[in-house]
Amino acid sequence: MADDTGEIHAINTAWQIAIQEILRMVIRDMYLSGGEAAFMGHIKRIEEAAVDSIYTDLRLRGTDEWTEVLVKEKASNFVTTLLTSFTFDRA
């Protein structure tokens, strides 16, 4: 079981890093030319829209209410963590 847990953790970590790097490139390319204030405004708007979508539109089939609430909370936390990790790159 410990091997399975370690492998699951490695897969989850790899997935998070991959998504973060893709988002970093897309967001940087899309908003770099608008200046720092525009960049930060876009990041905040994306975060708010994503979290709202998770809580209002996400439906998990075959799960109980507790699991759905937990998944929504974790997903929202991931969104916030990812998006607030981006900084304006003046280069």
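**Salt bridges, helices and the core**

Reply: Let me start with a lysine: Lys44 is partly exposed, with a relative accessible area of 43%. Keep in mind that this is a predicted model.

Me: What does Lys44 form a salt bridge with?

Reply: With Glu47, and the closest N and O atoms are 3.7 Å apart. The two sit three residues apart in helix H2, so about one helical turn separates Glu47 from Lys44.

Me: Is Glu47 buried or exposed?

Reply: Glu47 is buried, at a relative accessible area of 11%.

Me: And which residues does Glu47 touch, not counting those up to four places away in sequence?

Reply: Glu47 touches Val79, Thr80, Leu83 and Thr84.

Me: How many salt bridges does the structure hold?

Reply: Two. The other pairs Lys72 with Glu68, with 3.1 Å between the closest N and O atoms. Both residues lie in helix H3, four residues apart, or about one turn of the helix.

Me: Lys72 and Glu68, then: buried or exposed?

Reply: Lys72 is buried, with a relative accessible area of 8%. Glu68 is buried as well, at 18%; the cut-off for buried is under 20%.

Me: Back to H2. Which of its residues are buried?

Reply: Phe39, Ile43, Glu47 and Ile54. They cover an arc of only 70 degrees around the axis, so they lie on the same side of H2. On the other side of H2, Ala37 and Asp57 are exposed.

Me: What span should H2 have, and how far apart are its end C-alpha atoms?

Reply: H2 has 22 residues, and at 1.5 Å a residue they should span 32 Å. The end C-alpha atoms are 31 Å apart, which agrees.

Me: Okay, new topic. Which residues make up the largest nonpolar core?

Reply: There are eight: Ile27, Phe39, Ile43, Ile54, Val79, Leu83, Phe86 and Phe88. The elements giving two or more residues to this core are H2 and helix H3, which runs over 65-84. H2 gives the most, with three residues.

Me: What about Gln20, where is its place?

Reply: Gln20 is in helix H1. Gln20 is partly exposed, with a relative accessible area of 21%.

Me: Which residues is Gln20 in contact with, leaving aside neighbours within four places in sequence?

Reply: Leu82, Ser85 and Phe86.

Me: Last thing, confidence. What pLDDT does the protein chain average?

Reply: The average is 82, and 90% of the residues score at least 70.

Me: Which element has the lowest mean pLDDT, and which the highest?

Reply: Helix H1, residues 2-31, has the lowest at 78, and helix H2, residues 36-57, has the highest at 88. Where pLDDT is low, the predicted coordinates should not be read in detail.

Technical notes. Residues are numbered from 1 along each chain as its sequence is written. This is a predicted model: local features need pLDDT of at least 70, side-chain atom pairs count only at pLDDT 80 or more; totals for chains, interfaces and linings use all residues. Side-chain values use heavy atoms; hydrogens and water are left out. pLDDT is the predictor's confidence in each residue, from 0 to 100. A nonpolar core is a set of buried Ala, Val, Leu, Ile, Met, Phe, Trp, Tyr and Cys residues joined through side-chain atoms within 4.5 Å. Buried means under 20% relative accessible area, exposed over 50%, partly exposed in between (1.4 Å probe, protein chains only). The expected span of a helix is 1.5 Å times one less than its number of residues. The arc is that of the directions from the helix axis to the C-beta atoms. A salt bridge is a side-chain nitrogen of Lys or Arg within 4 Å of a carboxyl oxygen of Asp or Glu. Contact means heavy atoms within 4.5 Å.
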